[in-house]
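Hello,

Here is the structure I said I would pass on. My notes on it follow below.

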Amino acid sequence: MSDLEVRIVDLEPLRVASFLGFGESPEELAWEKLLGWARPQGLLEDPEAHRLFGFNNPNPSPGSPNYGYEVWIELRNEDVAATDEGEIKDFAGGLYAVTRCVVPKGKFEVIGETWKKLVTWREDSKFRCGAHQCLEKHVDFESPDTEFVLDLYLPIAE
């Protein structure tokens, strides 16, 4: 096994508002849509009640600089409606292997490297690959040397 710190999480079903970006920098596009919708509703004031998740959708294709990125904001008791930019979805949740990924300023390649380590961890573990969605959970953390922090959620099955 690697020295990667991994915890097993049974993620409960979620109701989310979903926003999609597509292009060479789809993360920025998707986040702009989510923030523009969520901020006026006060949904960004409590990061634990309104957790933020993202994932590639669709994944990058060889030979193309374009791909998609989808971001979710968790909805608890809010009575909200879909917009032209996003939709309301129900996610069934599932079992995950989770590790923290601290992204230093300008070092975005750390995300892919950490995903590879997590997959290797799963291959060496008792767990099989799960069929549910991979997720990147945004962690509320600020540091002058850090771009951002993610918890990487790799779907697993026993």
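**Cysteines, aromatic pairs and the main pocket**

The structure, which is a predicted model, holds 0 disulfides. Cysteine 129 is in no disulfide, and the nearest cysteine sulfur to its own, that of cysteine 134, is 7.2 Å away. Cysteine 134 is partly exposed, because its relative accessibility is 31%.

On the aromatic side, the count comes to 7 pairs. Phenylalanine 53 and tyrosine 153 are edge-to-face, since their ring centres are 5.9 Å apart and their planes stand at 80 degrees. This pair links distant parts of the chain, with phenylalanine 53 in strand E3 and tyrosine 153 in strand E9, 100 residues apart. Both residues are buried. Together with Tyr96, Phe53 and Tyr153 form one aromatic cluster.

Tryptophan 72 and phenylalanine 91 make a tilted pair, at 5.0 Å centre to centre and 55 degrees between the planes. Tryptophan 72 lies in strand E4 and phenylalanine 91 in strand E5, so the pair ties together parts 19 residues apart in sequence. Tryptophan 72 is buried at 4% relative accessible area, and phenylalanine 91 is buried at 11% relative accessibility.

The largest pocket has a volume of about 1,100 Å³. It is lined by 36 residues, of which Glu27, Trp31, Tyr69, Glu136 and Leu150 are the closest to its centre. Elements giving two or more residues to the lining include helix H1, helix H2 and strand E9. By class, the lining has 19 nonpolar, 8 polar and 9 charged residues.

Regards

Key. Residues are numbered from 1 along each chain as its sequence is written. This is a predicted model: local features need pLDDT of at least 70, side-chain atom pairs count only at pLDDT 80 or more; totals for chains, interfaces and linings use all residues. Side-chain values use heavy atoms; hydrogens and water are left out. On a 1 Å grid over the protein atoms alone, a cavity is a set of points where a 1.4 Å probe fits but cannot get out, and a pocket is an open set with protein on both sides within 12 Å along at least five of seven lines; lining residues have an atom within 4 Å of a point. Grid points are joined across faces, edges and corners, and a volume is the space filled by probe spheres set on the points. Helices (H or I, at least four residues) and strands (E, at least two) are DSSP runs, numbered from the N terminus. Ala, Val, Leu, Ile, Met, Phe, Trp, Tyr, Cys and Pro count as nonpolar, Asp, Glu, Lys and Arg as charged, and the others, Gly among them, as polar. A disulfide is a pair of cysteine sulfur atoms within 2.5 Å. Buried means under 20% relative accessible area, exposed over 50%, partly exposed in between (1.4 Å probe, protein chains only). Rings of Phe, Tyr and Trp (its six-membered ring) pair if their centres lie within 6.5 Å; planes under 30 degrees apart count as stacked, over 60 as edge-to-face and the rest as tilted.
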